[in-house]
Amino acid sequence: MEPSEVYVWEMETDNGTVIKQVDDDGVEHRRDEVDPHVVVRFTLKPRQKGSPLPSHSAIVDHEKQERYVRSFGRGFIKDLGLAGYGLKEYVNCVETSFYRLWVFSNGQCLTTNPGFEVYI
Amino acid sequence: MAATVQIHEMSATATGTDKTAGNIRFKAADNATADANDRLQIPAAASIYSYTKYLRAYVSSAPSVDISNLRCYSDGSNDYGVGIGIQYDLAGTFSANINTDIGGTDFFTKTAGSPIDMDAINTGPFTSTGYKGDLIRLQMSVASTASPGLTSNEAITLAYDET
């Protein structure tokens, strides 16, 4: 599985609606379909059921004036040896007004301040 | 589905060669073939220069929303040996490769901590397939102080953000 396919996202809004990247009918949704102002939870889950990888959630505390800002994936194309250049790593990032949570394709994560950039 | 992004090398024309299944070799000829032909010869004095190599990001399957923030960097360590270096500059469009000094910046000064902005000229975000962002032009220099023989491989990384 490509590193970019390991995790899928899920967002919950302040009225309890849950929007999944891939819904139960297999339809794929775009992140920009969700109004960022109403997001109270952003979760990254392993795409494969039964995967030993952990899920990661960012809980957005509106009462403390925290806001969901955006989420994105960062791809790293590197020399893979005999296979040539390809996608070596894909790090998912969710950014709130308080922090960034970076999740690597092996399940490890890193929390930084919102302005910090991760390049590997 | 996530986008698929490749590194392409442009030689002779702006139509590049996908480097997904290959690597890049600096040589004394303007082609993208990674072979042992057209070797760079150590000069008796001063330096000689390889043909330039244009590299550019190619989006072969489109992102869900867009791609932005293209960056490129080295591992920060020149392991080619004494007298051998890589310099670079950026361009918005392809022009013919040359084997004279481009007067560029030392590529090995650009690391994960200070990557090269690859969408400074052709700015994103990018929503479709095709060549995106800027072209990085790389060139190897070989000085008279270099040692003969094959050099070790060096790493180049292309990073991008996808939403």
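Four bridges join strand β7 (residues 100-103) of chain A to strand β8 (residues 109-112) of chain A, and the two run antiparallel. Strands here are DSSP runs of type E with at least two residues, helices are runs of H or I with at least four, and both are numbered from the N terminus. Two strands count as paired if DSSP finds at least two bridges between them. This is a predicted model, in which local features need pLDDT of at least 70 and side-chain atom pairs count only at pLDDT 80 or more, while totals for chains, interfaces and linings use all residues. Residues are numbered from 1 along each chain as its sequence is written, and chains are lettered from A and ligands numbered from 1 in the order in which they are written.

**The β7-β8 hairpin of chain A**

- Within this pair, Trp102(A) has Leu110(A) in β8(A) as its bridge partner.
- Five residues lie between the strands of the hairpin, and Gly107(A) in this hairpin takes a positive phi near 95 degrees.

**The four-stranded sheet of chain A**

- In chain A, four strands make an open sheet in the order β2-β1-β3-β4, with antiparallel pairing.
- Its edge strands are β2 (18-20) and β4 (56-59) of chain A, each of which pairs on one side only.
- From one strand to the next, the twist averages 15 degrees, where axes are lines fitted to C-alpha atoms (for helices over the stretch in contact) and angles run from 0 to 180 degrees between N-to-C directions.
- Strand β3 (residues 39-46) of chain A pairs with β4(A) in the antiparallel sense over four bridges, and Phe42(A) has Ala58(A) as its bridge partner in β4(A).

**Two residues to look at**

- Trp9(A) lies in strand β1 (residues 7-13) of chain A.
- Trp9(A) is buried because 20 other C-beta atoms lie within 10 Å; the cut-offs are 20 or more for buried, 12 or fewer for exposed and in between for partly exposed, counting other C-beta atoms within 10 Å of the residue's own, with C-beta atoms placed from the backbone.
- Leaving aside neighbours within four places in sequence, Trp9(A) is in contact with Gln21(A), Phe42(A), Thr43(A), Leu44(A) and Ser71(A), a contact being two C-beta atoms, placed from the backbone, within 7 Å.
- Trp9(A) and Phe72(A) are 63 residues apart in sequence, and their C-alpha atoms are 10.0 Å apart.
- Over in chain B, Asp18(B) sits in strand β2 (residues 16-18) and counts as partly exposed, because it has 15 C-beta neighbours inside 10 Å.
- With neighbours within four places in sequence left aside, Asp18(B) is in contact with Gln6(B) and His8(B).

**Where the chains meet**

- The contact takes 20 residues from chain A and 24 residues from chain B.
- On the chain A side, β5 (68-79) and β6 (85-96) each supply at least two residues, and β5(A) gives the most, with eight residues.
- By class, the side of chain A that touches chain B has seven nonpolar, five polar and eight charged residues; Ala, Val, Leu, Ile, Met, Phe, Trp, Tyr, Cys and Pro count as nonpolar, Asp, Glu, Lys and Arg as charged, and the others, Gly among them, as polar.
- Five bridges join β5(A) to strand β10 (residues 156-162) of chain B, and these strands run antiparallel.
- Ile77(A) stands opposite Leu158(B) in β10(B).

**The largest nonpolar core**

- This core has 53 residues, and those touching the most other members include Phe42(A), Ile77(A), Ile136(B) and Leu158(B); a nonpolar core is a set of buried Ala, Val, Leu, Ile, Met, Phe, Trp, Tyr and Cys residues joined through C-beta atoms within 7 Å.
- β6(A) provides the largest share of the core, six residues.
- Apart from neighbours within four places in sequence, the contacts of Ile136(B) are Leu55(B), Cys72(B), Tyr88(B), Leu90(B), Ile116(B) and Met118(B).

- Chain A has zero helices and eight strands, and chain B has zero helices and 10 strands.
- Of the 120 residues of chain A, 28% count as buried; of the 163 residues of chain B, 37% do.
- Among contacts between residues at least 6 apart in sequence, 46% in chain A join residues at least 24 apart, and in chain B the figure is 74%.
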